[in-house]
Amino acid sequence: SRRSVPQSGSPRTEILSAAAAGIHDLVGDKTQVFTVRADISKKDQVDKAFRQIYAKFSEKPFNILVHSAAHFTGLRAFGTETSDELDAGFNVNVKGAYFVAAAFVEKASPDATIINISAATVHVRPFPKMASYTAAKSAAIQIFRYAQAEHPAMHLVHVQPGQISETDMAKLFPFKVPHIDDGKNTKAMSL
């Protein structure tokens, strides 16, 4: 049977289209992919996107959410980020996670799965110049934990992939970050 798969993450249409094409190349017509563009820091856009997805898939309950949205302003010494930079990060990383989780659980099957792609920095000793990003990603983890606590049949998975060099976020680092593997390379992050 076909499952509805709401997507959150980058609002850039070309990335979503490429992902849809890649999924189709892997599985053919076994899975239907429908992409919707939305700014997840805006509740009305998130709610509209989930309504569109729900309608597209004949109002069948959602089975899985993969949440991978993130905003990173770049490395900033503690206390130097502007109010606008903090707002941008928290709007996507915290408010966005909340709005996406709320819209998903409203239309999800009771035993749906949520996969939250987070950040390894929330589990290792602090990296200099990443305080606000790590705090926001930590808050997002709690948001998903609370959503699952109120919907205990749902399965929740947090994935902290470490440094992924193919992302826009990686381009904001002034150096090539070694792969973070259970904190072994945290000394390399001393800036």
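## Basis and overall layout

The model is predicted, and local features need pLDDT of at least 70, side-chain atom pairs count only at pLDDT 80 or more, and totals for chains, interfaces and linings use all residues. Residues are numbered from 1 along each chain as its sequence is written, and side-chain values use heavy atoms, with hydrogens and water left out.

The protein chain has four helices and three strands, which are DSSP runs numbered from the N terminus (H or I of at least four residues for helices, E of at least two for strands). Along the sequence these elements follow the pattern α-α-β-α-β-α-β. Of the 191 residues of the protein chain, 39% count as buried, where buried means under 20% relative accessible area, exposed over 50%, and partly exposed in between, with a 1.4 Å probe and protein chains only. Among contacts with a separation of 6 or more, residues 24 or more positions apart account for 70%, a contact being heavy atoms within 4.5 Å.

## Packing of α3 with α4

Two packed helices are described by the angle between their axes and the distance between the axes. Here axes are lines fitted to C-alpha atoms, for helices over the stretch in contact, and angles run from 0 to 180 degrees between N-to-C directions. Helix α3 (residues 83–107) packs on helix α4 (residues 131–150) at an angle of about 10 degrees, with the axes 9 Å apart. That makes the two helices α3 and α4 roughly parallel, since angles under 35 degrees count as roughly parallel, over 145 as roughly antiparallel, 65 to 115 as roughly perpendicular and the rest as oblique.

The residues that α3 brings to this contact include Leu-86, Phe-90, Tyr-98 and Val-105, while those from α4 include Tyr-133, Lys-137, Ile-143 and Phe-144. By class, the contact of α3 with α4 has 15 nonpolar, three polar and one charged residues; Ala, Val, Leu, Ile, Met, Phe, Trp, Tyr, Cys and Pro count as nonpolar, Asp, Glu, Lys and Arg as charged, and the others, Gly among them, as polar.

## Packing of α2 with α3

Helix α2 (residues 43–56) packs on α3 at an angle of about 30 degrees, again with axes 9 Å apart, and α2 and α3 are therefore roughly parallel to each other. Lys-43, Val-46, Asp-47, Phe-50, Arg-51 and Tyr-54 of α2 make the contact with Phe-99, Val-100, Ala-103, Phe-104 and Lys-107 of α3. By class, this contact has seven nonpolar, no polar and four charged residues.

## Burial in α4

Buried residues of α4 include Ser-132, Thr-134, Lys-137, Ile-141 and Phe-144, and the buried residues of this helix pack against β1 (62–67), α3, β2 (108–117) and β3 (155–159). By contrast, Glu-150, which lies in α4, is exposed, with a relative accessible area of 64%. Glu-150 and Val-105 are 45 residues apart in sequence and 9.7 Å apart in space, C-alpha to C-alpha.

## Two residues with positive phi

Most residues other than glycine have a negative phi. Glu-59, in the loop between α2 and β1, has a positive phi of about 55 degrees although it is not a glycine, and at 52% relative accessibility Glu-59 counts as exposed. Lys-129, in the loop between β2 and α4, has a positive phi near 70 degrees and is partly exposed, with a relative accessible area of 35%.
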